[in-house]
Amino acid sequence: QVRLVESGGGLVQAGGSLRLSCVASGTVFGSSAMGWYHQAPGKQREPVATITSGGSTGYADSVKGRFTISRDNAKSTVYLQMNSLKPEDTAVYSCRVIIGNFWGQGTQVTVSS
């Protein structure tokens, strides 16, 4: 059974930083691209950042230069370093294993102005 567990969310002031983690189990983590997505209240879930099995990354325009996605295959973990946070970054952040389309339960990030 595939399981993804996110952590690291919380409340932070604008301009602050958070580091999200997503630990995967029950899947071939190293061979799959991974992604972080967010869903703000009343809005659809949107991609934030992706990373391939080879380490190539992609970002939404709204987070380029502020967020960094990385992965540690030995720990089956994908990270999202979020810097210079803005109130509009407030959302539930979820990770996804692209192969098989598995999702975590999400972690809340709230940025106060």
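Mentor: Gladly! Let us begin with pairing: two strands pair if DSSP finds at least two bridges between them. Keep in mind that this is a predicted model.

Trainee: What makes β1 and β3 a pair?

Mentor: Five bridges join β1 to β3 (residues 18-25), and the rule asks for at least two, so the two strands count as paired. They run antiparallel. One of the bridges can be named by its residues: Val5 has Val23 in β3 as its bridge partner.

Trainee: Which residues of β1 point to which face?

Mentor: The side chains alternate along β1 (residues 3-7).

Trainee: Why is the link between Cys22 and Cys95 called a disulfide?

Mentor: Their sulfur atoms lie 1.9 Å apart, and the cut-off is within 2.5 Å, so the pair qualifies as a disulfide. A disulfide is a covalent bond between the sulfur atoms of two cysteines. The structure holds one disulfide. This pair links distant parts of the chain, with Cys22 in β3 and Cys95 in β9 (residues 91-97), 73 residues apart. Both cysteines, Cys22 and Cys95, are buried. The link of Cys22 and Cys95 is right-handed, with 45° about the S-S bond.

Trainee: How do you know that Asp61 and Lys64 form a salt bridge?

Mentor: The closest N and O atoms of Asp61 and Lys64 are 3.1 Å apart. The cut-off is within 4 Å, so this pair counts as a salt bridge.

Trainee: Are Asp61 and Lys64 buried or exposed?

Mentor: Exposed means over 50% relative accessible area. Asp61 has 67% relative accessibility, so Asp61 counts as exposed. Lys64 has 51%, so Lys64 counts as exposed too.

Trainee: How many salt bridges are there?

Mentor: The count comes to two. The other pairing to look at is Arg66 with Asp89, whose side chains meet in a salt bridge at 2.8 Å, N to O. That pair links distant parts of the chain: Arg66 is in the loop between β6 (57-59) and β7 (67-72), while Asp89 is in the loop between β8 (77-82) and β9, 23 residues apart. Both Arg66 and Asp89 are buried.

Trainee: Why is Asp89 called buried?

Mentor: Buried means under 20% relative accessible area, and Asp89 has 3%, so Asp89 counts as buried. Leaving aside neighbours within four places in sequence, Asp89 is in contact with Arg66, Phe67, Ser84, Val109 and Val111.

Trainee: What is in the largest nonpolar core?

Mentor: This core has 26 residues, and those with the most contacts inside it include Trp36, Phe67, Met82 and Tyr93. Among the elements that give two or more residues to this core are β3, β8, β9 and β11 (107-112). Not counting residues up to four places away in sequence, Met82 touches Gly16, Ser17, Leu18, Leu20, Arg66, Phe67, Tyr93 and Val109.

Trainee: And what makes Gln105 exposed?

Mentor: Exposed means over 50%, and Gln105 has 52% relative accessibility, so Gln105 counts as exposed. Gln105 is placed in the loop between β10 (102-103) and β11. Leaving aside neighbours within four places in sequence, Gln105 is in contact with Leu4, Val5, Glu6 and Ser94.

Terms used
Residues numbered from 1 in each chain as written. Predicted model: local features only at pLDDT ≥ 70, side-chain atom pairs only at ≥ 80, totals over all residues. Heavy atoms only, no water. Buried < 20%, exposed > 50% of the residue type's maximum accessible area, 1.4 Å probe, protein only. Helix = DSSP H or I, 4+ residues; strand = E, 2+ residues; numbered from the N terminus. Contact = heavy atoms within 4.5 Å. Core = buried A, V, L, I, M, F, W, Y, C linked by side-chain atoms within 4.5 Å.
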